[in-house]
Amino acid sequence: MTRRSWIGWQFTGPFLAVFALVFLAPIGYSAYLSVYRTQLVGGTAFVGIDNYTKALSDPQFWEAITRVALFLLVQVPVMLILALLIALAIDSGRLYGASFFRISVFLPYAVPSVVAALMWGFMYGTNFGLIGNINEALGTAIPNPLAPEWILTAIGNIVTWEFIGYNMIILYSGLKVVDTSLYEAAAIDGAGEWRIIRAIKLPALRGPIVVATIFSIVGSFQLFNEPQILDSLAPNSITTYFTPNIYAYQLSFAGQQVNYSATIALIMGVTTMVIAYLFQRRSMKGAGS
Amino acid sequence: MGITRRRALIGAALSVTLMAAGCSSSDSDSEGTEAAATTVTDADVEAALQKGGSLTVWAWDTTIKPVSEAFMKKYPNVKINVVNAGTGNDQYTALQNAITAGTGIPDVAQIEYFALPQFALAKSVVDLNTFGAKSLDGTFTPGTWNNVHSGEAIYGFPIDSGPMALFYNKEVFDKHKIAVPTTWEEYATAAETLHKADAKSYITSDSGDAGFTTSLIWQAGGKPYTVDGTNLTINFADDAGSQKFATTWQKMIDAKVFSPAVGWTDEWFKGLADGSIASLVTGAWMPSNLEGSAAAGKGKWRVAPMPQWETGGKATAESGGSSLAIPEKSENKNIAYGFLKYAAVTEGVQMRIDNGAFPATTKELAAPEFLNKEFEYFGGQKINEILSASASEVVTGWNYLPFQVYANSIYGDTVGKAYLGQSTLAEGLKAWQDSSVKYGTEQGFTVK
């Protein structure tokens, strides 16, 4: 009995050690940091849950959460619906150059998000950028995408461009595993293309859609690179508490408030996990699987 | 050189992590304003240099490297390793991390004036009075010398300076028959005239920059920040200089005479090159940037004295500039001081000027060969005459906060709103004040 359990440890030990070191230790260290407060004058003191109560009543933190929540509610559905339409179109087999189309849609995912944000940042320029050129050439008056009213939409556009191909691939591979005999059977039964989509393809995509949505939820809450890069082009539109991640970064690197920053990071981590978990539970329960 | 001073202009949020600062501090900290006693003589330093040793220097200023090579020639036993550990805030983060960790700390570090108080407060850098630095009074321009002081303590040697002046595109000014403005009132009028005459031309670009705002308030005689150890006052609302700036600048923002191009972007340099941004009020380190990144403006630009708040005034302020400091944990402080003096006071200064730096030492600023140099980019104008004069007219008594890097990082959140038309400048400055006070209080300062 004892020997058997030791053998088990020997097999799992190396993994557990790495797991503890790279997954648990940082979280534990953040939790440790979050119950202290270090001041420039006065040193470090134990403050218990003070940082947490402060975060919950911190209007800047709430503004950041509200902003990413809004982003999540608008950008994620738009992106996933577009990705779904593209996946269905490619899968329909009625497109010329489907593989070229597929790779072009996927390509932006291979562009690092920092580069993507820079690139779009230049295009958004109203003086010398693409928007400026369009306005000049066509006499239109496209509003400045980097103005505070439009900046979130502008970021949504960049993120959609970056991740639509990635989601399309997830959904497309979901469609590829559907047994083709089902389509034949449906055709024999006289089902049209729409009927096939509704009765076969969409139900088959339920799992992949849930996975893609969870990735997108996590991605939205972690929004950082795009606004951080655009900040140098539109410093007044992007505040230092634009998203929770930017806020944590600002607190830590500009404000030297490492403890409070760790608190914000932990709260956001837990929030994201809970929302993703609830979503998964809900959608899987509905599927009965 | 030029790029060195991209500094906080970018206003990016990156910056110093002073997390460890508090650990070592106690209540006795508040006497950081007194000078340390001299314990090391020049002879001790000279002996250490002859004996030799190795030195790590962190600097992004490209003129430091040649100086270090010459230094090693002079003192063959000294080995200097110049490391570029990042520009500005990147380097401060690295430096702070090294100080926190207690290892990998350089012996000499380049630190800009606005960031120096942070390191001084935590006593992470040596008070150079230990080496008798007080005797160098008068060697540097009053503005820069004041910038490296915290009370009587001296935390670094100025290596360059940024006395401000008006850089303008003469071709554009002539075309629209605009006289070179000598006051800010005239500048505002010129801005409107120019923009009315050509909707694509702007007198300058300003979308809000913390360094620029504080420099203009500085020039106006404002003292929104006072620092006495850990006792601070932060007050823009009741500061005459700040309000002067707010009133004049608000008019220009309302009149929409500023180009929206954000400083240091490609768009901005294009504007400077093609004349759509017709002037700049900035530090004396600007010429090499214009020559390098707005080459098409060659021959069109000129330099004039900074516009004044009072007719006939001569007051100026500093923008940017940096110092060399010795981290407290350095193990070769005597050699480090020898290098500091070499680079900032003696032979090194001229070498750095020859490589494009704008000096902080009064002797070099007054040297005929410096003053008489003609600049092709500026149509052969002897611009150093104006820049050097500006250096001697810098208003004294200005202080940066011991957490200026943080304060500058939240400028966009507060004053930035005024540039979007969502509030007025006066309200924005008040919001900046409130946020800074809140932060200072949280960090254990006594803030009034």
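**Note on a strand pairing and a helix contact**

1. B:Tyr168 has B:Ser279 of strand E12 of chain B as its bridge partner. The model is predicted: local features need pLDDT of at least 70, side-chain atom pairs count only at pLDDT 80 or more, and totals for chains, interfaces and linings use all residues. Residues are numbered from 1 along each chain as its sequence is written, and chains are lettered from A and ligands numbered from 1 in the order in which they are written.

2. Strand E7 (residues 164-169) of chain B pairs with E12(B) in the antiparallel sense, over five bridges. Strands (E, at least two residues) and helices (H or I, at least four) are DSSP runs numbered from the N terminus; two strands pair if DSSP finds at least two bridges between them.

3. The open sheet in chain B has three strands in the order E12-E7-E13, with antiparallel pairing. E12 (279-283) and E13 (301-304) of chain B are at the edges with a single partner strand each, so one side of each lacks a neighbour in the sheet. From one strand to the next, the twist averages 30 degrees.

4. In chain A, the axes of helix H4 (residues 98-110) and helix H7 (residues 151-176) come within 7 Å and cross at roughly 120 degrees. Axes are lines fitted to C-alpha atoms, for helices over the stretch in contact, and angles run from 0 to 180 degrees between N-to-C directions. H4(A) and H7(A) are therefore oblique to each other (angles under 35 degrees count as roughly parallel, over 145 as roughly antiparallel, 65 to 115 as roughly perpendicular and the rest as oblique).
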